[in-house]
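Dear colleague,

Please find below the sequence and structure that I am handing over to you. My findings follow directly after them.

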Amino acid sequence: MKREAKAPSLHVELFRREAENPILTAQDWPYPVHSVFNAGACQVGDETVLLVRAEDRRGHSHLSVARSNDGISNWQIDSRPSFAADPENFPEEAWGVEDPRLTWVEERGEWIIAYTAYSTSGPLVSLAATKDFVHFNRLGPVMPPDDKDAAVFPRRFGNRYAMIHRPVSAGLGAHMWLSFSPDLRHWGDHHILLHARRGAWWDANKIGLSPPPLETAEGWLILYHGVRVTAGGCLYRLGFALLDLEDPSRVLRRSDEWIFAPEMTYERQGDVNGVVFPCGWILDRDGTIRMYYGGADNCMALATAKVSEVLDYLRKCPAPPDRGRKSMTLSE
Ligand code: BMA
């Protein structure tokens, strides 16, 4: 794919695109796939590991492990699907597995993968665990359809794990919810976390968590995608929120403006035009956030930001009016 320079903008851009973008395409795969996008990401020692969604020519997706020392180039990609759908044992994976989010859970000594299992009744949230990205242990489906865009927090609150996810209610929008579990298997105490806005807003029609929550000194950093339905199709853009560290149901800040949007050809044109879709990010020791994102449901790209600049920006963002759990009800 042709490389291109980014057009100048008068906005302050928090994320800078990698010059080598797109960093991974279907042509890099060691076996035939149609497209690669929406990878989960983590750092394992000296290696960056991506768990990449690869779509085949049936339209079904599986997950492929790709490893690199610099997180940009020389990817070593597993020679066959690393995590393939297993519909015989897990019927909810009938139409594939998609969009993984990886969370290192220190007390368990393993990564918890939240992914979309595409069942014949619609997409739902499933969890799996791995210690090495070679062996995967499924915990099974944890939310019924339609539900996706899920990630587990890296630590418990009190005795309970917490997960953000995105159920869809017919005709009433698609909002981000927070749920709790004693064991990662049984989830409850569901309540709404962030609403999709309405009307002209960039995040009017649907919102969903993008990468897993990132712990910072000032709160859980949340990057989410907002969808606006236009005459030309859906536009997927990104915004920030900040949650209270000890009570993640308290939303401290939310950006009014989108902070990243499809601009480059590899984001504007693909199987689904106008999509930037990160499922993974890595915070490096020097304070750099590496955001790995799918471009136009077609390729993988990378953009970086300084976490200090992101937090400076969020400090200037408004505290949402529906801040705090007390003001929210299940019937909202
Ligand atoms: C969402 C998800 C993503 C996809 C995006 C744009 O609903 O299914 O996997 O990248 O739509 O098509």
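Which residue stands opposite Val-168 in strand 12? The model, which is a predicted one, places Ala-174 there.

This pair belongs to the strands around strand 11. Strand 11 (residues 161-169) and strand 12 (residues 173-174) run antiparallel and are joined by 2 bridges. Their hairpin has 3 residues between the strands, and Gly-171 takes a positive phi near 75 degrees in it.

I turn now to the ligand. The residues around the ligand are Asn-38, Arg-53, Asp-99, Lys-148, Tyr-236, Val-272, Val-275, Phe-277 and Asp-297. By class, this shell comprises 4 nonpolar, 1 polar and 4 charged residues.

An N or O atom in the side chain of Arg-53 is 2.8 Å from a ligand oxygen atom. For the side chain of Tyr-236, the corresponding distance to an oxygen atom of the ligand is 3.0 Å, and for that of Lys-148 it is 3.1 Å. The ligand exposes 310 Å² when taken alone, and the protein buries 86% of that area.

Yours sincerely

Technical notes. Residues numbered from 1 in each chain as written. Predicted model: local features only at pLDDT ≥ 70, side-chain atom pairs only at ≥ 80, totals over all residues. Heavy atoms only, no water. Near = heavy atom within 4 Å. Polar contact = N/O pair within 3.5 Å; in protein donor to acceptor, adjacent residues only side chain to side chain. Areas by Shrake-Rupley, 256 points an atom, 1.4 Å probe, with all protein chains shown as cover. Nonpolar A, V, L, I, M, F, W, Y, C, P; charged D, E, K, R; others polar. Pairing = 2+ DSSP bridges. Helix = DSSP H or I, 4+ residues; strand = E, 2+ residues; numbered from the N terminus.
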